[in-house]
Amino acid sequence: MRKNIAIIGAGLGGLMLARVLHWYGLDATIYEAEASPTARRQGGLLDIHAETGQRAIAAAGLYDEFLALVRPGEDAKRVMDRNGTILFDYAGDPSSSRPEVDRGALRAMLMSSLPDGVIQWGRKVAALTPLGQERHAIDFADGTVATADLLVGADGAWSKVRPLLTDVKPVYSGTCFLEIGLAADDQHHAATIATIGTGTLMAVAPGKGILAHRNADGSMSGYVALNREEEWIGAIDFTEVRAGLGVVAEQFAGWASHLVRFITDSIAEPTPRPIYALPADLRWSPRPGVTLIGDAAHLMSPFAGEGANLAMLDGAELARWIAANPDSPSSVLATYEAALFARSSTIAHQSSRNLEVFFGAAAPASVVELFKPVRRQADNS
Ligand SMILES: Cc1cc2nc3c(=O)[nH]c(=O)nc-3n(C[C@H](O)[C@H](O)[C@H](O)COP(=O)(O)OP(=O)(O)OC[C@H]3O[C@@H](n4cnc5c(N)ncnc54)[C@H](O)[C@@H]3O)c2cc1C
C-alpha cells in the first residue's frame with residue numbers, strides 16, 4: 001500500500017521533494033507554517049550550481065522553465081576595502097555555470113509545478129508524536145492533527161522534526177547579519193548604489209563587512225555583517241530606526257562615507273539575522289518513518305552559497321530513493337542519509353572556512369584570493 005508522506009515546510013527543499021515525487025507519480029502533503037505564499041518577502045538572488053541545484057531542477061523536469069528565470073551577468077563581483085578602493089572586479093559571465101535567479105521566482109516556479117492542495121498553508125507544526133510502526137502524529141498550532149507514514153523535516157534552521165533524530169542544536173557562528181536596502185529612485189543615493197557595479201559588492205575588513213547587491217529595478221539590497229555577540233546586536237533599539245542604524249554605523253567609523261551610507265540611509269526593516277550552524281559532521285542513526293532535508297539536516301553559514309542548492313538536491317535525491325521503493329520508504333532512508341551526510345559535511349566545512357575568509361584577520365585580501373579562481377575560470381572558458 002502506498003504510504004502517506006508528510007513534508008514539513010514549503011521552502012525550496014520541501015517544494016523540490018514534493019515536485020519530484022509528483023514527477024514520479026507519488027503524492028505528498030506539505031504542511032507550511034506561513035499563512036500564504038506571499039506572507040514573507042522572498043528577496044535576494046541565488047546562484048544555482050551545476051552539481052547541486054541545477055541537477056535537482058533537471059530531475060524535477062523544470063530545467064527550461066528555470067533557464068527563463070536566469071538573470072545573466074548578475075554574478076559580477078566586486079571586492080573593496082574600507083576606503084572604497086576596488087581590489088577585485090569581475091564583470092560576470094553571461095554563460096556562467098552558476099547562473100543567478102531571484103529566490104522568489106524560483107520558489108514560485110516550484111509552487112506552480114504542484115497540483116492544487118499539495119501545500120497546506122497556515123499549518124504550523126507544534127508537536128510530533130511517534131505512534132509506533134514508523135507512523136507519527138502531527139499536532140498543529142491551530143489544534144488540528146494529521147498522521148504520516150513518512151515524516152520529512154524540511155522545516156529549516158529551527159526544525160521541529162530534527163529532535164526526533166538528534167539532540168544537536170545549531171550554534172551561533174559569531175557573525176550577525178542585518179538587512180539593508182536603498183530605493184532605486186532616490187537620486188541622493190545614486191552614487192552609493194553606483195559603487196556596487198552590476199552584481200555584488202563586498203566591502204570587508206576584519207570582523208565586519210557590507211554586502212550589497214543591485215536589484216533588477218535599480219534598488220539595492222544586502223546585509224551589514226558584524227562579528228559581535230548576539231546579545232550586543234539584540235540589544236540595539238531599532239524602534240527609532242535611524243538611531244539604531246547609527247549604533248551599527250559606529251562600528252564602521254573610519255570607513256569611506258559613501259559606504260557607511262549603505263547603513264545609515266537604509267530603508268530595509270533592520271532585522272538582525274544571527275548566523276547559526278549545525279556541526280559540519282553531524283550524523284544521526286536512521287530511524288524508520290522520519291528523515292530531514294535542507295537546513296533542517298545541515299544548517300550552515302551562507303558563505304559557500306550552497307544552502308538552497310543543497311536543500312533542492314536533498315529533496316530531489318530523497319524523492320528518487322522513495323520512488324525506487326514507494327511501498328516501503330523507510331527502507332531507503334539509510335542510503336539517502338549516508339549520501340546526504342557525505343555531501344553536506346564537505347560543503348559545511350568549506351562554508352565555515354569561508355566565514356573566516358570573509359571576516360577574519362586577513363580580510364579583504366583573503367576575499368580577493370577566494371574569488372581569483374572565478375575570474376581565471378571565466379577567462380579560460
Ligand atoms: C543571509 C543568507 C544568504 C544566503 N544566501 C544563499 C545563497 O546565495 N545560495 C544558497 O544556496 N543558499 C543561501 N542561503 C541559505 C539558504 O537560504 C537556505 O539554505 C535554504 O533556504 C534552506 O532551504 P530549506 O527548504 O531547507 O529551508 P527554509 O528555506 O528555511 O524553509 C523552511 C520552511 O519551513 C517552514 N517551517 C518552519 N517551521 C515550521 C513549522 N513548525 N511548521 C510548519 N512549517 C515550518 C518555514 O516557514 C519555511 O517556509 C543563505 C542564507 C542566508 C541566511
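**Backbone, domains and ligand**

Reply: Begin with a loop: Pro364 is found between α11 (333-359) and α12 (365-380). Keep in mind that this is a predicted model.

Me: What is the geometry of the peptide bond from Ala363 to Pro364?

Reply: Omega describes the peptide bond. From Ala363 to Pro364 omega is near 5°, and the bond is cis.

Me: How much area do domain 1 and domain 2 bury between them?

Reply: The general idea comes before the value. Interface size is often quoted as the accessible area that is lost when the parts come together. For domain 1 and domain 2 the buried area is about 1200 Å², and carbon and sulfur atoms account for 69% of it.

Me: Now the ligand. Which residues around the ligand come nearest?

Reply: The shell is counted with a heavy-atom cut-off of 4 Å. It holds 29 residues, of which Glu32, Arg103, Val125, Asp295 and Ala308 come nearest to the ligand.

Me: How do the residues of the shell divide into nonpolar, polar and charged?

Reply: Twelve are nonpolar, eight are polar and nine are charged.

Me: Which helix gives the largest share of the shell?

Reply: That is α10, with four residues. Both α1 (12-23) and α10 (307-324) supply at least two residues each to the shell around the ligand.

Me: Which polar backbone atoms lie close enough to the ligand to be counted as polar contacts, given a limit of 3.5 Å between N or O atoms?

Reply: A polar backbone atom of Val125 is 2.9 Å from a nitrogen atom of the ligand. For Ala308, a polar backbone atom is 2.9 Å from a ligand oxygen atom. At Leu12, a backbone N or O atom lies 3.3 Å from an oxygen atom of the ligand.

Me: How much of the ligand's accessible area does the protein cover?

Reply: On its own the ligand has 1000 Å² of accessible area, and the protein covers 81% of that.

Definitions and conventions. Residues are numbered from 1 along each chain as its sequence is written. This is a predicted model: local features need pLDDT of at least 70, side-chain atom pairs count only at pLDDT 80 or more; totals for chains, interfaces and linings use all residues. Side-chain values use heavy atoms; hydrogens and water are left out. A polar contact is a pair of N or O atoms within 3.5 Å; within protein, one must be able to donate a hydrogen and the other to accept it, and residues adjacent in sequence count only if both atoms are side-chain atoms. Accessible areas come from the Shrake-Rupley method with a 1.4 Å probe; for residues, only the protein chains shown count as cover. Ala, Val, Leu, Ile, Met, Phe, Trp, Tyr, Cys and Pro count as nonpolar, Asp, Glu, Lys and Arg as charged, and the others, Gly among them, as polar. Buried area is the accessible area (1.4 Å probe) that two parts lose on being put together, summed over both.
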